[in-house]
2 protein chains.
Amino acid sequence: MEVLKDRILKDGKIIDSNILRVDSFLNHQLDISLLSQMADSIYQHYSQKDITKVLTIEASGIPLACFTAQKFNIPCVFAKKHSRKNLPKDVYISQVHSFTHDSLYDIVVNQEYLNQNDRILIIDDFLAHGAALQGLISLIQDSGASLVGVGIAIEKAFQGGGDALREKGLDIYSLARLSSIHPDTGIKFVED
Amino acid sequence: MEVLKDRILKDGKIIDSNILRVDSFLNHQLDISLLSQMADSIYQHYSQKDITKVLTIEASGIPLACFTAQKFNIPCVFAKKHSRKNLPKDVYISQVHSFTHDSLYDIVVNQEYLNQNDRILIIDDFLAHGAALQGLISLIQDSGASLVGVGIAIEKAFQGGGDALREKGLDIYSLARLSSIHPDTGIKFVED
């Protein structure tokens, strides 16, 4: 998606060869108009797929998930992060490994909000190793719902999580796919 | 706001005389159409106030904040929760007391995203004792921005945080104000 790629080139900040900061427009300060255009693109990709619900994970997946759900006119559910000592009842639960913080956390969704009749579109801001995405997929599997596809703002393709899941047959639609980020050579995208 | 009050009466779950669960439509599963109507109401209240930015706090304030920012066509910033051991640099920081978990946490906003030219509308899903709201107000004061007003989905008026801040002159616009919640007597609203 050209408008997103242009914005990444203009405002993305390379921290190191693994970390790109986009918090001026995507996940701290939010450019609402850009997010709405991104949701439009995801809607066009999945509009014929009878999606019934958007699923994301707190916190930075929520904005794009909300605007995407708005295009489809369907509910959005966000999985909550919990520490194990304070788990609510009647939830689907999955454990996620955070590469950023080298820690484990649990994500939960109340069992009332995912069911076997649902056709789910997962939305998130980033896809890197795919750990959070696999946690969400696990919640969907536990609920008996169908996973239709995944919409991602920025995929760090060089970390391989997206392609590993595509090889299993998953439809992952990423609006910008990074092939490399480096303080010297800058930001490179996978050629479309 | 009648449509929200009706929904609270229909789908709100009284846990005890302090806790009302509304996670089927407001802060776990999201009714996007309802949130958009709520944002419309907040927009109408503040449309003449030259708001430049919406400020909220992760995670459950984000949906209403996003749709409100969409109505104004302005950016939204969400404050992030942090543990003190892992604080980023160049942030405004404030400490918040969580009554729910009886704990303290820090909220931060990057200094790039609040400045003295901003006219801020704070949005959140709940207002109870006002601890999170006071934390956000403190961040705004540190930045030199102007606080124009506050838009809240559900105010637990019986916990007093809203009126204490109104007495200091703050414009707080709450879409539903609860006067009491109780397993026996049900949900009561403050009369408009």
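## Ground rules and confidence

Since this is a predicted model, local features need pLDDT of at least 70 and side-chain atom pairs count only at pLDDT 80 or more, while totals for chains, interfaces and linings use all residues. Residues are numbered from 1 along each chain as its sequence is written, chains are lettered from A and ligands numbered from 1 in the order in which they are written, and side-chain values use heavy atoms, with hydrogens and water left out.

On to the scores: the model comes in at ipTM 0.97 and pTM 0.97. Chain A has an average pLDDT of 95, with 98% of the residues scoring at least 70; pLDDT is the predictor's confidence in each residue, on a scale from 0 to 100.

## How the two copies sit together

Most residues other than glycine have a negative phi, and most peptide bonds are trans. Here are some exceptions. The peptide bond from A:Glu58 to A:Ala59 is cis, with omega near -5°, and A:Ala59 sits in the loop between strand E4 (53–57) and helix H3 (62–72) of chain A. In chain B, a cis peptide bond joins B:Glu58 and B:Ala59, with omega about -5°. Helices (H or I, at least four residues) and strands (E, at least two) are DSSP runs, numbered from the N terminus.

A:Asp90 has phi near 55° and is found in the loop between strand E5 (76–82) and strand E6 (91–98) of chain A. B:Asp50 also has a positive phi, of about 55°, and its place is in the loop between helix H2 (32–46) and E4 of chain B. A:Asp90 is exposed, with a relative accessible area of 56%, and B:Asp50 is exposed at 56% too. For burial, the cut-offs are under 20% relative accessible area for buried, over 50% for exposed and partly exposed in between (1.4 Å probe, protein chains only).

## Rings and charges

How many aromatic pairs does a search of the whole structure find? Five, over all chains. Rings of Phe, Tyr and Trp (its six-membered ring) pair if their centres lie within 6.5 Å; planes under 30 degrees apart count as stacked, over 60 as edge-to-face and the rest as tilted. One of the pairs is A:Phe67 with B:Phe67, edge-to-face at 5.5 Å centre to centre and 75° between the planes. A:Phe67 lies in helix H3 of chain A and B:Phe67 in helix H3 of chain B, so this pair joins two chains. A:Phe67 is buried at 0% relative accessibility, and B:Phe67 is buried with a relative accessible area of 0%.

B:Tyr46 and B:Tyr173 also pair edge-to-face, 6.5 Å centre to centre with 90° between the planes. This pair links distant parts of the chain, 127 residues apart: B:Tyr46 is in helix H2 and B:Tyr173 in strand E10 (residues 172–182) of chain B. B:Tyr46 is buried at 0%, whereas B:Tyr173 is partly exposed at 23%.

Two lysines in chain A sit over rings. The charged end of A:Lys5 is over the ring of A:Phe189, 5.6 Å from its centre, and A:Lys81 lies over the face of A:Tyr105, 5.3 Å from the ring centre. The test asks for NZ of Lys or CZ of Arg within 6 Å of the ring centre and within 35 degrees of the ring normal.

## Strand E4 of chain A

Five of the five residues of E4(A) are buried, so the strand is largely enclosed by the rest of the structure. On one side are A:Lys53, A:Leu55 and A:Ile57, and on the other A:Val54 and A:Thr56.

E4(A) pairs in the parallel sense with strand E8 (residues 119–127) over three bridges, where A:Lys53 stands opposite A:Ile120. Four bridges join E4(A) to E5(A), also parallel, and A:Leu55 has A:Val77 as its bridge partner there. Strands count as paired if DSSP finds at least two bridges between them.
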